[in-house]
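Visitor: I would like to go through some of the terms used for this structure. Please show it first.

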Amino acid sequence: MKKPLFTTSEWNFDLIQDVDKVLGDLAAEFGLDTYPNQIEVISSEQMMDAYSSVGMPIGYSHWSYGKQLLSTEHSYKRGQMGLAYEIVINSNPCIAYLMEENTMTMQTLVIAHACYGHNSFFKGNYLFRTWTDASSIIDYLVFAKNYISKCEERYGISAVEDILDSCHALMNYGVDRYKRPYPISAQEEERRQSERAEYLQKHVNDLWRTIPKSATADAQKNTPRFPTEPQENILYFLEKNSPLLESWQREVIRIVRKIAQYFYPQRQTQVMNEGWATFWHYTLLNELHERGYVTDGFILEFLQSHTSVVAQPAYDSPYFSGINPYTLGFAMMSDIRRICENPTDEDRMWFPEIADSNWKETLQFAMKNFKDESFILQFLSPKVMRDLKLFSIVDNDEEDKIRVDAIHNERGFRKLRENLAGQYNLGNREPNIQVYNVEVRGDRSLTLYHYMHNRRPLGDSTPEVLKHLHRLWGFDVHLHSVDGNDIKQSFHCPQQSS
Amino acid sequence: MSYIIDRRLNAKNKSAVNRQRFLRRYREQIQKAVSDAVNERSITDIDKGGKISIPGRDINEPIIHHGQGGYNERVLPGNKQFSEGDKIARPQGGSGQGGGGKASDSGEGVDDFSFTLSQEEFLDFMFDGLELPNLVKRQLSGLEEFKSVRGGIANEGQPGRMNIVRSLRSANMRRLALTGGKRRQLQELNAELAELEKIPEAHRDYIRYREVVELIAKLEHSISKIPWLDTFDLKYNLMIKQPIPRSKAVMFCIMDVSGSMDQATKDIAKRFFILLYLFLQRNYEKTEIVFIRHHTSAKEVDEDEFFHSRETGGTVVSSALQLMQEIIKDRYSPEQWNIYGAQASDGDNWGEDSDVCRDILVDSLLPSCQYFSYIEITNNEHQALWNVYESIQQQYPESFALQHIRGVGDIYPVFRELFHKKVA
C-alpha cells in the first residue's frame, strides 16, 4: 500500500498540483482528450461575482447582472443557498474556478469533474466543435466589454441599457441553428467592426430608399415578400434590416447575438455535459482510491456529496423541480458502461450494437456525436427508466383530466423515451417564431408568425417582449400565432384599439 | 499540463458596477422601500443596512415562452401508483397545469425581489436629495491634520524626493557655464592645429606646433576635471504641509420632559433626533451633540438621561433656549462651529413664556445658528408656542423651520420636508 496523497481536509497549492497531476495521468489513461487546464482558486465573493456574469470571467455591465448579484448575495449571506463548488468555462485553456472554502476532497472532486470531465466534453462534443471557438471567446468578451463601455461614454448609459434590455428579451431568438459562424479574434473583430458599420448603414438605406407611398392592393400582390423566406434569427434580421438603428446599436445587437450563440450548445447538452462530467469524477476518484492515492475517509466524504448531487426527488416531493440533469446524465453514462461490460438479454435486444463493445470507445462516441435529445433517444435504456420510475403524462386542454400516457413497462419504454427526448428538444421547448414579412412599401410594419406546436399558446409576457421588439424595429410590430393556416391569436405593438 | 493560479487577491468587487446599475435603475422603488423601512425599524438599527424588498413584477426581464394550454407531454420521475391510461384530476391553482389559461391579471403572484443593502447604500437612499441648509461656515480648525502638497523645487531634501530631471539639467548648465571659456580656446587651438598640420612637416613651426598640442591636452584635461554632477546640482521636489480644512458641527437636542410628554411622544422625538444626527454625521467630519431637557428649568444631560428619565412639572421653554445660548457662549463659538438646533415638544408652554422664547431666538440664537428646527408632536390644537414660532419662521424662512408630527409615520416625511434640496 502506498502512502496516500493527503490525509487531512486542508488544501494547499502543492497538493492541488499533485492531485491534478495524478488525475491528469489517469484521465489520459482512460483516453480523455482535454484542453490545457487553468485552475484558479477564488474566494466566495469572487464566486458570487462570477455567478452574476453568467459564469464568464468578464462581461459588459448591465443592471440585470447586478440584480443577479444582489439576489445571490442576499440568499448566500442568509444561508438560504450554498454556492456552486466550481464554475468551468469553455475556453482554451479551459478555466476552472475552485472555491477556497472547499476541503481538499472537494477540490479533488472539482478538478476531476471540471478539469477533466467538462473539459473533455467541450473539446469533444460536435456541437461545441462546430458552434463555439474555445480559443477566441475570452478575446471576444474583452472586445464586447470595451465596445459597450465606449458606447456608454458616447451615447449615455441609459441609451445603451435600453438596447441591451431589448436584445436580452430576444436573446433566444438570436441564434443560427443551421449556419456555422466562423470565429475571429478581438483585434480582427475591432477592425472589421468599423467596416461593417459603414457597409451596413449603406445596405439598410438601400432597402429603404424608396419613399414610402400608400400601397395599392395591386402593387402589394406583385411585390415579393421581404424577407423572401421567413427568418428565425430575429436579432440577426434586426441587425441587418432594422430601418432606424444607428450603426453602434447594430453592433450591440451583434454582440448579444454572438454571446447567445456561444451559449447555444450548452443549452442543448445539459444532461450529457453534466452526466459526462459526473460519470468521470466518479470513475476517476474511485480509481484513485483503488490505487491507494486517497484514504477511505476521502472516499466517504466524496460519496456523500456525490450522492446529494445525483439525488432525484420524486414528482410529488416538495423538493421536486424537474428532472435533475446530473441524475439522468450520470445514470445513462454509467448504464452505457454497464451495457458494454455486463449486458443482460434485455440490453442485447435493445442495444445489439453496443453490448459487449469497448466501453471507453462507446462512451467517447456517445459524447462526441449527440446532443441531449438524440442522446436520450439513442441510449436511454429500460433499466434507467425503471430505476428512475419514469412515467409520462398528457395534459390536453380538450380533456378534463390529465392522462398517464406511458409508464416504465414493456409497452411504455419506447413512448417514454420519445417523450423524454422531446422534452429536451429546444425546438419544442421554445415557441417557434419567425420574421414573416415587412411592409417595405407601406407603413414599414414588421409581421412575425408564431407557428404553434401542439396548440400551445404564447405566455403572458409576450406583449412586454413585443415592446422591446418594437423599440428595435421602430415601426409597428405584429405577431400572429398560427395553427395550420388559421390565426389563433394576434399581438400588436403599439396596441391596436379593436 | 495545468496552470494553477491564486486569484483570491484579485479585486473581488468585479460586479460592483452592475450592482450600482441596478440600484440606479430602480432608484425610485428602492427609495420607497427604504422610507418604509425607516418608519418600521426600531430606533437602534435605524441606520443599519439590510433587507429591502421591491415588487418583483417591476424588475422582470420578459422573454417569450409558452403559456398554458394546448397539448403538453411531460415525463416525470418517481412513479408509485400510476398505470398506463390512468386519469388524474388537474391540480387546482399553483403548479401551472390549470386549463383555460384564465390566469389573467392575477399574475401579481410574483414574489417580491429581496436583496441586502449595505449601511452606506442605505443611508445614501435615506438621505438622497436632502441637504443641509446654510452651509457657510467651514472653519479651519487648526492643527489636527495636514496633507502634503507639491510646492515646487527646492535645493534641499530627502534623497527619495530627488528630482532627477531638474538635477541633471542644472548639472548640465553648470558644466556648460564653467567650461565655456576653455572650450572656446580649445576650438581656436584646434583650428590652429589643423592649419599647422596642413603645412608639410619640414616647413612647420615646430615649437608652435608642440606648444599647441600641449595646450590642447591641458585644456582637455581641465575640462574633464569639471565634475559631472556636483552636490549643489541636486534638486528636490518640495512637499509642503497644508492644514486640511475640517468642518465641525454641534447639534443641540432640546426636548420637553414635562408631565405632558408621554413615552410615545418621546419616542417620536428620539427618532427624529437620530435621523438628524445621522444626517449631520454624513455632512460633517466631526459632530457633537448636546442634550438639553427641560421642564420648568433646563439642564444639560447625557444621552441616557435625556431619553429615559421622567420628570413632572410645568413647562418653561425659554429656560432651555437660555441654557443653549450659554453653552454656545462657553464652548461652541459660532466662528468655529456649525450650530444646529432641534427642538421637540408637545406644544405646551407656560403662557407668558412664548414671547420670551421669541426674543431669545431672534436676538441671540438664530444669528449664531445655521438652522433651527422645531417639531411639535401632538394630536391636539396648536398652542401659543406654535403661533409665536410661526411668526419667527415668516421672518427667518432661511434658518428657522417648524413642522407638525402626529404619529411615527410622519417622522421621515417631515424630516425630508425640512431638509429637501431647495432648487435655487
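Guide: This is a predicted model. Between the two chains, 80 residues of chain A and 55 residues of chain B take part in the contact.

Visitor: Which element gives the largest share of the side of chain A that touches chain B?
Guide: Helix H3 (residues 63-77) of chain A does, with 11 residues. Sorted by class, that side of chain A has 32 nonpolar, 28 polar and 20 charged residues.

Visitor: What makes strand S5 of chain A and strand S4 of chain B a pair?
Guide: Pairing needs at least two bridges. Three bridges join S5 (residues 401-407) of chain A to S4 (residues 87-89) of chain B, so the two strands count as paired. They run antiparallel.

Visitor: Which residue does Arg403(A) stand opposite?
Guide: Arg403(A) faces Lys87(B), which lies in S4(B).

Visitor: Which residues meet where H7(A) and H21(A) touch?
Guide: From H7(A) come Asp162(A), Asp165(A), Ser166(A) and Ala169(A). They meet Val465(A), His468(A), Arg471(A) and Leu472(A) of H21(A). By class, this contact has three nonpolar, two polar and three charged residues.

Conventions
Residues numbered from 1 in each chain as written. Chains lettered and ligands numbered in written order. Predicted model: local features only at pLDDT ≥ 70, side-chain atom pairs only at ≥ 80, totals over all residues. Contact = placed C-beta atoms within 7 Å. Helix = DSSP H or I, 4+ residues; strand = E, 2+ residues; numbered from the N terminus. Nonpolar A, V, L, I, M, F, W, Y, C, P; charged D, E, K, R; others polar.
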